[in-house]
Amino acid sequence: MIGAAQRTEYPALRIFFKTIVARAYPRVMAANRQKTWLFFDMAFPVVGALAMVLVYEGLHAPRQYLGFVVMGGAMLAFWQNVLWSMAAQFSWDRGNGTLELYVISPTTFEGVLLGMALGSMFTVTLRAVVILVFGSLLFGITYTAAGSLPAIGVFLLTLSALYCLGMLLASLFLFYGREAWHLSNAMQEPVNFLSGLYFPVHALGAYVGGAASIVPMTLGLDAMRQLLLPGTPVFIPAGTEALLVAIQVPIFAVLAGVSLRFMESRARRDGKLVTRWE
Amino acid sequence: MAGAHHPSSDTSRPAVETRQLTRVYKTRRDVTTALENVDLKVGQGELFGVLGPNGAGKTTLIKILVTLLLPTSGVALVDGLDVVRDFKRLRSRISMVSGGEQAGYGILKVREQLWMFSQFYGMDSKAARRRIDELLERLGLAEAANKQITSLSSGMRQKMNLIRGLMTDPRVLFLDEPTVALDVGAARDVRSEVQRWMREDPTRTVILTTHYMQEADELCDRVAIVNRGRIVAEGAPRALKESVDEDVIVDLQLEPGTPLLEVLRAIEGVGAASVREEDGVDRFSLLLADDAILPRVMTTVESAGRRVSGLVRRQPTLEDAFVKLVGRSMTEEEA
């Protein structure tokens, strides 16, 4: 006989961690089995960053701007991952019925989303590293060694805040489905611009830069540039920026949790979780 | 085998209970009542069928019971837990398999996908893999265990989906049209596995929605017939068939010609009539009050100029019970 004796209800924390590993698994397998990502995820972003560098060279911009572009290009990989491989994934999952199975299981959306993030981490990090190393070698960019450890700390904080923001955005996909695609599309370029991916955020001024700081990448990237690239115009001192990003982590985490619960409840009320009605 | 998997199934300890359950869908343009005041009690250990045409409200009922949808009003309890208030606790005790399900990730292999879903329930990885292998073996999928999901046939895929539903050993398993669009062999395998799974443990309960009357007749201990959001009849398949026992049931095959359904329905003594077109022939099913009605039917057919290609008197089926209760066939209701 298969079954009856094995019927168990497991603790939420155990389910949470097992979900993270299990949901990361398809992403890891995809990276392993579909090697085409090596070309599309590496070559295109490098070309994108290269194009920006050429623009600055053409404009005879200060040399340090090349460093801004390379670092921004590396961070862009993580932002795109948050937008498309984390938040928008719920839209795909709803379409094929997987979302229904997440909902009716005892797992949590946070576990599923963190699993997605973790599963993509290898490919995204590799993409960021390739841009960073390739760009730095190609354009002869030098970094301040002393700033590297604090910069790694800021990077990890920024990543945490960014992925918590991703969970918050995912909650919108839970309810709005395909409509949220437009939101992601609409957010991509403005956020790329406002967060100063290719130039120091100082150039945007206090008000616009301040407003753009709601996206953790703005402050995080600026702090890393200040720490690694000497002569970066100071928007806010790096330490303060790091502190603000650190504050954003729990704020976005709590907001994401509340929003996921709220959106799930609304989606259950309005029939947005089901793939078909009868 | 007709139903009755567990003669000891306990209806006094309901696995599923609904009281005045109503669900209304509102869009900008219209309001649809998918379920209206549904009262249902399914005992622990029962294999309970919810029958009805497409759009009757079967899937809405299931989606409420598995916590995907909130009811507009009324109460629904599964394994004693309220689907609105206690949904978190409930989710570890239930599972759902839908017909034509495409859930999961095509990049994964069968065994990997099943393992992934087992982890969302917190199962021990080793135990989950062992259980998956046992179920794969039982459903004849052992050789496909390392095949990528995208390469599976629809029958194999649905067997995999069924394994996903069974592997966590739910107290209540919801099967929503599980054999829809499957070939005869795969549908039979799915049905026999459900029966076997039920036999293994008398506390297991299955709620099955289907619009295949024969499937319900074969599998279910009891069924509820749902039409336009309401339960129009409930009972054991045999009892429902007995409701048409006193009728004379006749299958009448006619060559194509002038429409006759409403004319036949108007004949006094014709309790219900339905028709379906098959292989260029109109196949009428007629429920007659007694044998004496048949000559009147034949006279009407002849005067309409329709040629009879076959006439059979047969035993009642659940479909006949449905036609008698609703007044029309499932196909007509769906149209």
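**The A–B interface and a helix pair behind it**

The model is a predicted one, and the numbers here are all computed from it. Area is a handy place to start, since the size of an interface is often given as the accessible area lost when the parts come together. In terms of residues, 46 from chain A are in contact with 62 from chain B.

On the polar side of things, 20 residue pairs are in polar contact between chain A and chain B, with both partners at pLDDT 80 or more. As for who supplies the surface on chain A, the elements giving two or more residues to the side that touches chain B are α1 (12–33), α5 (89–96), α6 (98–104) and α12 (238–270). Of these, α1(A) gives the most, with 12 residues. Sorted by class, that side of chain A comes out as 19 nonpolar, 12 polar and 15 charged residues.

Five salt bridges are found across the interface of chain A and chain B. There is also a salt bridge between the side chains of Lys63(B) and Glu100(A), at 3.0 Å from N to O.

Counting over all chains, the whole structure holds 36 salt bridges. Another one of interest joins Arg171(B) to Asp79(B), whose closest N and O atoms are 3.1 Å apart. Arg171(B) sits in the loop between α5 (154–167) and β7 (172–176) of chain B, while Asp79(B) sits in the loop between β4 (73–78) and β5 (81–82) of chain B, so this pair ties together parts that lie 92 residues apart in sequence.

Back to α1(A), which also packs within its own chain. Its axis and that of helix α7 (residues 109–139) of chain A come within 7 Å and cross at roughly 35 degrees. The crossing of α1(A) past α7(A) is right-handed. From α1(A), the residues making the contact include Phe16(A), Ile20(A), Arg23(A), Ala24(A) and Val28(A). On the α7(A) side, the contact residues include Val112(A), Leu114(A), Gly115(A), Met116(A), Leu118(A) and Gly119(A). By class, this helix–helix contact has nine nonpolar, six polar and three charged residues. Taken together, α1(A) touches α7(A) and also gives the most residues to the side of chain A that touches chain B.

Key:
Residues numbered from 1 in each chain as written. Chains lettered and ligands numbered in written order. Predicted model: local features only at pLDDT ≥ 70, side-chain atom pairs only at ≥ 80, totals over all residues. Heavy atoms only, no water. Contact = heavy atoms within 4.5 Å. Salt bridge = Lys/Arg side-chain N within 4 Å of Asp/Glu carboxyl O. Polar contact = N/O pair within 3.5 Å; in protein donor to acceptor, adjacent residues only side chain to side chain. Helix = DSSP H or I, 4+ residues; strand = E, 2+ residues; numbered from the N terminus. Nonpolar A, V, L, I, M, F, W, Y, C, P; charged D, E, K, R; others polar. Axes fitted to C-alpha atoms, helices over the stretch in contact; angles between N-to-C directions. Left-handed = near helix turned anticlockwise from the far one by under 90°.
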